[in-house]
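Me: I'd like to go through the charged side chains in this one. Can we start with accessibility and then move to pairing?

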Amino acid sequence: MSTSRGYRRRAALGLALTALVTVTGCSALGGSDSSSSSGGGGLEKPKIKVTAMPTIDMAPFHLAVKNGYFKEQGLEVEVVDVPSGQASLTKLIAGEVDIAYGSYTPFFLAKSKGAADIKFVADASSAAPKSTLVVAMPNSQVKSVKDLAGKRIAITGENTICDTLTKSVMKDNMVDSSGVKWVPMPFPQIAASLQRGDVDAGFLTEPYITAAAKQVGAVPVVDTATGATADFPTAGYGSLAKFTDGNPKTVAAFQKAMQKATKEAADRSKIEPLMVEFAKIDQDTAALTTLLTFQSALDARRLQRVPDLLKDQGTITARIDVNTMIAPQASIS
């Protein structure tokens, strides 16, 4: 009987070894199983879709794609371009993407209305001095923040970080924003709209601030990264709780890749070529831009500033506890 058991054990071991050789042989021959990459570890969903906008905030993300940091984690990322944070959120809620990049305002608004159970996966940026401005033409009647009342102001969309920051700096200067006409359009179109006189002022972030100054001579009206919104969290990556709860390894892989790329993004020479490629600006403009502060790991206390400001502005009606919206954070070894 013991001889029979020994035979069966050796046979089973032989089959297991054969299977192992077959699997590793496929990888050696160039198999496309992305989980075989270092750090893959059998991800629940090795292929994900992530929204993107042509903003400087996304430089670390593009760095992670180009340098293969997602692939190192066993993750294949498909980039889905969107024109605004609201459009990004719409695709997330519709199930068209797994992770959405966008300014924080639409995420918190969706949460407050019960439209989606949002979980933040990674931070992206905060406003550095002169990196988020309201600008106007030199011959415009808008010369300072006090002239913005009742004016037409171009933004990428209402209830985004654009109008959130602008309203805040207007309030800091005791200027009524209730009569402002917000005119939605993509960042790349705002400079031309200012030049034509279609709008009186426009909210811009880099590299479009520098580009608008070079292209049409736009000048700063007010720096929105001041007062209550100094070093204010501007954008991040969100998902739905259903996705983060069901795919913790996938989320961790995304976070690890982003943390690595964000650390590397401290080297400006790594960022400028990405601005040329993805924001479609020239090299001279890229060299002159003021960079935002890149972030990756989420800090609940810092991020709490966003919904608190939105509640103060009346954009949301009840306080939101950010701690309930942050997905578990992976750490780089």
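Me: Take D312 to begin with. How accessible is D312?
Reply: This is a predicted model. In it D312 has a relative accessibility of 48%, so it counts as partly exposed, since the exposed class begins over 50%.

Me: What does D312 form a salt bridge with?
Reply: With K171; the closest N and O atoms are 2.7 Å apart.

Me: New topic. How many salt bridges are there?
Reply: The count comes to 15.

Me: R302 and D123, then. Are they buried or exposed?
Reply: Both R302 and D123 are buried. Their side chains meet in a salt bridge, 2.1 Å from N to O. This pair also links distant parts of the chain, with R302 in helix α13 (residues 300-303) and D123 in strand β4 (residues 118-126), 179 residues apart.

Me: And E72, what does its side chain meet in a salt bridge?
Reply: The side chain of K260, at 3.0 Å from N to O. E72 lies in helix α3 (residues 69-72) and K260 in helix α10 (residues 248-264), 188 residues apart.

Me: What are the relative accessible areas there?
Reply: E72 has 29% and K260 has 35%. E72 is partly exposed, and K260 is partly exposed.

Me: Last one. Which residues are linked in a network of salt bridges?
Reply: E264, D267 and K270 are linked that way.

Note on methods
Residues are numbered from 1 along each chain as its sequence is written. This is a predicted model: local features need pLDDT of at least 70, side-chain atom pairs count only at pLDDT 80 or more; totals for chains, interfaces and linings use all residues. Side-chain values use heavy atoms; hydrogens and water are left out. A salt bridge is a side-chain nitrogen of Lys or Arg within 4 Å of a carboxyl oxygen of Asp or Glu. Helices (H or I, at least four residues) and strands (E, at least two) are DSSP runs, numbered from the N terminus. Buried means under 20% relative accessible area, exposed over 50%, partly exposed in between (1.4 Å probe, protein chains only).
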